[in-house]
Structures are given as structure tokens and as C-alpha cells.
Amino acid sequence: MTAIYKKEIKGYLTSMIGYVFIFFILLLEGIYFTAYNIQGAYPVFGNTLSAITFLFLILIPVLTMKTLAEERRQKTDQMLFTSPVSVENIVLGKYLALVTVYMIPVFVICFYPLIMSKYGTVSYAMAYTAILGFAFMGFAELSIGVFISSLTENPVIAAVVGFLVLFVCFMSEGIGSLVAETSVTSLVIYMVMVAAAAYLIYYMIKNVLIPLIIGLAGEIVLVVLYIVDSTRFEGSFQDFLTIFDITSHFDNFTNGILDIQGLIYFLSIIVIFLFLTIQSIKKRRWS
């Protein structure tokens, strides 16, 4: 894992992608920091961090798009699969390399509250709690990007899909408000989601029978539940979307609240998507 980690770090820091990622985060954060906290004398640093989270929609997919997709496109993944390094270590090494690149701008941002203190009173607890949440939100989104990169050999497709997934997460509350809260609407959406999940399973394992059984079973269960008690579907899609609302879990940190549930949420996303990445690679390794 150490060799892979060092190789990936060197690759990101010698390529334009790593520099562009670091540059744009520090550029936008510097602009907002100067406008809000310095010129505007606004003492809450968390809101400044929150203002640039939209940047993750583009930068995270661009940073992660080549993580595994490029290896697959150039057929160098075969060298990794035949090496004595386990798949878990391969994925973990690549992920930690991404985390290290991400931590460079986060480390620089840690100095901003100290700069603010030169111009007035600053709550360090609130500021660094916000930075902690900012870091973990980035870690979680990086794991999502790594998983998406493992599903295709085209880095551009990985970037586009990553953008769409993060966009849905970022806009989940707004998307929910646009959808009717009726039982039928929720049922139809869930049925489409089950079909999409079955297709994703088929795409990953290239076996028709298993996703077909899972898809049919899921559709039947949904219909039966709707017949038994349709009222449970009312507004359930909006509640379901809150699971993917990553930004809302970051809000408590911006207000200086050390949200343990938020940390568990971010860690859960990291573990789940790294696990899915490992399973995706293992399936391709032995296929």
C-alpha cells in the first residue's frame, strides 16, 4: 500500500489535476475569506467554508476521475491485480493519496482563523470545528468519486457521473420540494430506482439472472407494501432524499457544533463506498 500511495501522490502532484484542484479551492476560499471575514468583518468562519462547497461538484469528480478508470483504460490495472498487494490495499492507497492532496488546501485554510484574530476576536472552537466538518465532507465525497471511477474505463464518463451524483446530493432538498408528496409518485420513483439499481448490478457483474431476480423481487415488494398501506409512501421520497443530503450534515459544523452523528455519517459514506469499490474491482479481477 505504501508504494501505491507514494506513486499516486507523486502522480497527482506532478500532474495539472492536483495543482488545479488545490489552486481553485484556495482561490475561491481566499476571495470569500477576504470579502466576508476581512473586509466585511464577519467573525463566523464556517459560513465562508460553506460558500465554496458548490466547488466540490466539479473539482472532486475531476480529481477522482482517473483514479481507477485510467488504470483500466490503459490496461495497467492488470499489473495491479497480479501484484502481491491486496485489492483492499490498492484502493486504500489510492484513496489516501487523494485525501493527502485534499488536505493540502485544508492545511492552508487552518491559518485563516489566525489571520482573522489579528483584526478582532475569533472563536477558534467554532472555526476549527467548521474546518473539521469541511475536511470530512471532502473525504466522503472523495470516496464516492473513487467508487464511480471504478465502474468505467472512461475518465470523462466518471467525471460526468460523479458531477451528477454530487449534484443530486447537493440539491437533494430542492429536488424533494419539486416532487409531489403523493403515495403514487413515491411508488413510481422507487420502482424506477429499483430498476436502475438492478441495471447497475448487471453492469458490474455482467450476469443477467441475478439483477433480474433482484429487480423483480424489489418491484413486487414495493407493490405489495403499497397495496397493504399506501399511506406510508406519502412524503417518503422526500425523507429518503435526506439520506443523501451531505451538505446539511456539514451545516452543524459551520455553526460550531461538533456533530458526532455528522462524523458518523461521513465515516459511513467513506466505508460503504470504499467497500463497494473493492467489490467492484474484485469482481472484475476474477471475471
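Author: Two residues are said to be in contact, or to touch, when they have heavy atoms within 4.5 Å. By this rule, and not counting residues up to four places away in sequence, Thr-254 touches Val-44, Gly-46, Asn-47, Ser-50, Met-126 and Ala-130. This is a predicted model, in which local features need pLDDT of at least 70 and side-chain atom pairs count only at pLDDT 80 or more, while totals for chains, interfaces and linings use all residues. Residues are numbered from 1 along each chain as its sequence is written, and side-chain values use heavy atoms, with hydrogens and water left out.

The pLDDT is the predictor's confidence in each residue, on a scale from 0 to 100. Its mean for the protein is 84, and 91% of the residues reach 70 or more. Confidence is lowest in helix α1 (residues 2–14), with a mean of 65, and highest in α9, at 93. Where pLDDT is low, the predicted coordinates should not be read in detail.

Thr-254 belongs to helix α15. Helices (H or I, at least four residues) and strands (E, at least two) are DSSP runs, numbered from the N terminus. With a relative accessibility of 5%, Thr-254 counts as buried; the term means under 20% relative accessible area, whereas exposed means over 50% and partly exposed lies in between (1.4 Å probe, protein chains only). Within α15 (residues 246–254), the buried residues are Ile-246, Thr-247, Phe-250, Phe-253 and Thr-254. Around the axis they span an arc of only 100 degrees, so they lie on the same side of α15; the arc is that of the directions from the helix axis to the C-beta atoms. After α15 comes Gly-256, with a positive phi near 85 degrees.

Rings of Phe, Tyr and Trp (its six-membered ring) pair if their centres lie within 6.5 Å; planes under 30 degrees apart count as stacked, over 60 as edge-to-face and the rest as tilted. The structure holds 21 aromatic pairs. One of them joins Phe-56 and Tyr-102: the ring centres are 5.9 Å apart and the planes stand at 75 degrees, so this pair is edge-to-face. It links distant parts of the chain, since Phe-56 is in helix α4 (residues 56–64) and Tyr-102 is in helix α7 (residues 87–109), 46 residues apart. Ring pairs also join Phe-250 with Phe-21, Phe-56, Tyr-102, Phe-134, Phe-136 and Phe-139 in a cluster.

Phe-56 and Tyr-102 are both buried. In α4, seven of the nine residues are buried, so this helix is largely enclosed by the rest of the structure. Among these buried residues are Phe-56, Leu-57 and Ile-60.

Tyr-102 also has a place in the nonpolar core. Such a core is a set of buried Ala, Val, Leu, Ile, Met, Phe, Trp, Tyr and Cys residues joined through side-chain atoms within 4.5 Å. The largest has 59 residues, of which Phe-21, Ile-25, Phe-45, Tyr-102 and Phe-134 touch the most other members. Helix α9 (residues 124–149) gives this core its largest share, 14 residues. Leaving aside residues up to four places away in sequence, the contacts of Tyr-102 include Phe-21, Ile-25, Phe-56, Phe-134 and Leu-142.
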